[in-house]
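This report describes a two-chain model, shown below.

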Protein chains: 2
Amino acid sequence: MKRYRKYDFPVDQVRRFLEPGPIVLVSSAFKGERNVMTLGWHTVLAFSPSLVGTMISSGNHSFELIRRSRQCVINLPGPDLLDTVVGIGNCSGAQVDKFARFGLDTTAASEVQAPLLAQCPASFECRLHDAGQVKRHGFFIWEVVKAHVAKAPKRPKTVHYRGDGQFMLSGEEVSRRRLFKPEML
Amino acid sequence: MKRYRKYDFPVDQVRRFLEPGPIVLVSSAFKGERNVMTLGWHTVLAFSPSLVGTMISSGNHSFELIRRSRQCVINLPGPDLLDTVVGIGNCSGAQVDKFARFGLDTTAASEVQAPLLAQCPASFECRLHDAGQVKRHGFFIWEVVKAHVAKAPKRPKTVHYRGDGQFMLSGEEVSRRRLFKPEML
């Protein structure tokens, strides 16, 4: 699996990668323990501060690491990681070291303890912004405090989940810039 | 543009259409006024009740119709509606009747006042479930109370937004059912 060298990227532009709705890998760390989970339930919420919401069920082993550390990294896997994405979602960090089992290479984040995944072309360091809906809905509102993105490909291919073991891979890119009012871009 | 005949669909399976992160058209109605807006910031939140969250900025003309009626319909447009999606997102219901301008055919919903869009292959009737994050983040938590889906295509093509006038169209469908534990499907 390819490793990406990533560069600093404007946090107010993470929608470029997250708004299309890809499956992401969320890494976490708390008091010497770390884990990674597969997540499909997320949304962009604001540009500046750069806010992203994630729904994380308390049944996940990552839940307590994330809730207690108040940090995570949202990593963007490509189709070459599809079987890894499924594997990570089908085992628990309570039983296995997923980083070892799936051969995940990590690098250190700069603002949080959770690791960046080297095999993902984009990684977003997050700090908890609002925990108001965590207890009721498992909904964490994050501020992306640092973004790391590979220079190529400019628009990495992504995988999207439909449930029932079925994935959609991102397809054709098309521009409609000419139809937008300048202030809407 | 094609019109779809739609049929009752299990509300706990709307993830099949929404989890991949498509752009949706949200229709609304309140006291004789109606509108439709383009929306890319949404996430599935729960299966049963079937909960979906949407971030809707108060700057949108639809915001007050949606907030006051506590209802909406989330419609799923295909790539044949891409220019319409952009057009709807680049004008305001305060100035124009978007249904007339864009030739949108509507049919009546059964549980809410907002209309279903006939040119969309799926429409989800929503009632407000939790308004706790509306004031702070524009985040509405909806219960999908009735789902309408065309029988074909089974997995309609969708459009996904990256910002900056750039769209990604849904691509190849791939199954990894064989890699899932039965309880994870």
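In chain A, the buried residues of helix 3 pack against strand 2 (24-30), strand 3 (33-39), helix 4 (98-101) and strand 11 (159-161). Two residues are in contact if their C-beta atoms, placed from the backbone, lie within 7 Å. Helices (H or I, at least four residues) and strands (E, at least two) are DSSP runs, numbered from the N terminus. Helix 3 of chain A spans residues 82-89, and its buried residues are Thr84(A), Val85(A), Val86(A), Ile88(A) and Gly89(A). A residue is buried if 20 or more other C-beta atoms lie within 10 Å of its own, exposed if 12 or fewer, and partly exposed in between, with C-beta atoms placed from the backbone.

The model is predicted: local features need pLDDT of at least 70 and side-chain atom pairs count only at pLDDT 80 or more, while totals for chains, interfaces and linings use all residues. Residues are numbered from 1 along each chain as its sequence is written, and chains are lettered from A and ligands numbered from 1 in the order in which they are written. The pLDDT, the predictor's confidence in each residue from 0 to 100, averages 97 in chain A, where 100% of the residues score at least 70. For the model, ipTM is 0.97 and pTM is 0.98.

Chain A contains five helices and 12 strands. Its radius of gyration is 16 Å, close to the 16 Å that the globule rule gives for 185 residues, so chain A is as compact as a globular protein of that length. The radius is taken over C-alpha atoms, and the globule rule is 2.2 Å times the number of residues to the power 0.38. Along the principal axes, the C-alpha atoms of chain A fill a box of roughly 50 × 35 × 35 Å. Buried residues make up 48% of the 185 residues of chain A. Of the contacts in chain A between residues at least 6 apart in sequence, 67% join residues at least 24 apart.

Helix 2 of chain B (residues 62-69) has Ser62(B), Leu65(B) and Ile66(B) as its buried residues. Seen down the helix axis, these residues fall within an arc of 95°, so they line one face of helix 2 of chain B. The arc is that of the directions from the helix axis to the C-beta atoms. The cover over the buried residues of helix 2 of chain B includes strand 2 (24-30), strand 3 (33-39), strand 6 (71-76) and strand 10 (139-150) of chain B. Arg70(B), just after this helix, has a positive phi of about 60°.

Chain A superposes on chain B by a rotation of 180° with 0.0 Å of shift along its axis, at an RMSD of 0.0 Å. The two copies are thus related as by a two-fold rotation axis. The superposition is by least squares on the C-alpha atoms of residues with pLDDT of at least 70 in both copies.

The contact between the chains takes 49 residues from chain A and 49 residues from chain B. Strand 12 of chain A gives the largest share of the side of chain A that touches chain B, 10 residues. That side of chain A divides into 19 nonpolar, 18 polar and 12 charged residues. Here Ala, Val, Leu, Ile, Met, Phe, Trp, Tyr, Cys and Pro count as nonpolar, Asp, Glu, Lys and Arg as charged, and the others, Gly among them, as polar. Because 100% of the interface residues of chain A are also interface residues in chain B, the copies meet through the same surface.

Most residues other than glycine have a negative phi, and most peptide bonds are trans.

Lys31(A) counts as exposed, with 9 C-beta neighbours inside 10 Å. Asp164(A) also counts as exposed, with 12 C-beta neighbours inside 10 Å.

The peptide bond from Ala152(A) to Pro153(A) is cis, with omega near -5°. Pro153(A) sits in the loop between strand 10 and strand 11 of chain A. In chain B, a cis peptide bond with omega of about -5° joins Ala152(B) and Pro153(B). Ala152(B) lies in the loop between strand 10 and strand 11 of chain B and counts as exposed, with 9 C-beta neighbours inside 10 Å. Ala152(B) and Arg5(B) are 147 residues apart in sequence and 9.4 Å apart in space, C-alpha to C-alpha.
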